[in-house]
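Trainee: Could you take me through this model and show where the labels come from? I'd like to see the values set against the definitions.

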Amino acid sequence: MPDPTAALSPAQRATLDAYVGELARVNRRVNLVARGATPGDLARHVRHCLEIAARPFPGGAVVVDWGTGGGLPALPLAVAFPDVRFVAVDAVGKKTEAVRLFARRLGVENVEVWNGRAEAYDGPAPHYAVSRATAPLADLWAWFDRVRAPLSAPPEAWAPGLVCLKGGDLTAEINGLQDAFPSTSVDVQEVEGAGWDDKALVHVV
Ligand SMILES: C[S@@+](CC[C@H](N)C(=O)[O-])C[C@H]1O[C@@H](n2cnc3c(N)ncnc32)[C@H](O)[C@@H]1O
């Protein structure tokens with residue numbers, strides 16, 4: 001797949017660099033990304049999340065990030081798509097507070113946070129869900145399907161649905177999804193990993 005950062009402006013790159021600095025600083029006291037992650041590791045996490053930018057989200061769309069942790073992938077995507085509204089969801093208040101702080105410090109105005117379990121989400125109705133390293137596909141889809149709003153997207157954009165980064169053997173996960181939701185269809189593309197296992201970009205509609 002092409003370099004997901006190629007289309008970013010110098011200002012967007014600078015914001016992402018500043019985000020890596022903020023993540024590194026706060027990760028020392030709040031466990032946002034793997035303990036001991038270096039700034040180089042964190043930059044690879046950010047780049048990995050931008051694989052989701054392979055296709056755009058339409059302007060004005062609402063995208064929910066299930067289990068955002070320190071803002072991954074919501075914050076890098078909010079920088080890449082400034083006219084899309086991202087809602088970063090996490091059950092852990094310290095994490096959503098950190099994401100709120102990052103967004104304020106970086107001047108990223110199109111990401112908001114929702115603290116609580118995804119099963120109980122009652123924030124803005126999403127047209128899309130994104131996620132990385134949070135839950136099996138069947139859970140991610142169930143959370144999204146309960147609250148989703150319809151949207152007609154242009155052909156170059158992601159078709160409304162779930163776009164997530166996954167690793168390992170996906171066969172059991174896809175079977176579990178399609179047992180629970182037989183009308184879903186799944187597309188899997190291999191993407192560059194970043195030294196760990198999350199090498200598939202999975203799109204569910
Ligand atoms: C392994 S971390 C991944 C964080 C981030 N997506 C990343 O790629 O760095 C999983 C996150 O999902 C959150 N989480 C897990 N289950 C959740 C649920 N049902 N509702 C909300 N957040 C959840 C956890 O609190 C944790 O922050």
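Mentor: Let's start with the ligand: by class, its shell holds 8 nonpolar, 4 polar and 5 charged residues. Mind that this is a predicted model, where local features need pLDDT of at least 70, side-chain atom pairs count only at pLDDT 80 or more, and totals for chains, interfaces and linings use all residues. Numbering runs from 1 along each chain as its sequence is written.

Trainee: What makes a residue nonpolar, polar or charged here?

Mentor: Ala, Val, Leu, Ile, Met, Phe, Trp, Tyr, Cys and Pro are nonpolar, Asp, Glu, Lys and Arg are charged, and the others, Gly among them, are polar.

Trainee: Which of the 17 residues around the ligand come nearest?

Mentor: Gly-67, Gly-69, Ala-91, Ala-118 and Arg-132 do. To be near, a residue needs its C-beta atom, placed from the backbone, within 6 Å of the molecule or strand.

Trainee: Why is H5 called oblique to H6?

Mentor: Helix H5 (residues 137-147) and helix H6 (residues 171-180) pack at about 40 degrees, with axes 8 Å apart. Angles under 35 degrees are roughly parallel, over 145 roughly antiparallel, 65 to 115 roughly perpendicular and the rest oblique, so H5 is oblique to H6. The axes are lines fitted to C-alpha atoms, for helices over the stretch in contact, and angles run from 0 to 180 degrees between N-to-C directions.

Trainee: How do you know which residues of H5 and H6 meet?

Mentor: Contact means C-beta atoms, placed from the backbone, within 7 Å. Leu-137, Ala-138 and Trp-141 in H5 meet Glu-173, Ile-174, Gly-176, Leu-177 and Ala-180 in H6. That contact divides into 6 nonpolar, 1 polar and 1 charged.

Trainee: What about H1 and H4: how do they cross?

Mentor: The axes of helix H1 (residues 10-26) and helix H4 (residues 93-106) come within 10 Å and cross at roughly 140 degrees. The crossing is right-handed; the term applies if the near helix is turned clockwise from the far one by less than a right angle.

Trainee: And the sheet: what makes S3 and S6 edge strands?

Mentor: The open sheet has 7 strands in the order S3-S2-S1-S4-S5-S7-S6, with mixed pairing. Strand S3 (111-115) and strand S6 (186-190) each pair on one side only, where pairing takes at least two DSSP bridges between two strands.

Trainee: How many bridges join S4 to S5?

Mentor: Strand S4 (residues 128-132) and strand S5 (residues 162-166) run parallel, joined by 4 bridges.

Conventions. Helix = DSSP H or I, 4+ residues; strand = E, 2+ residues; numbered from the N terminus. Contact = placed C-beta atoms within 7 Å.
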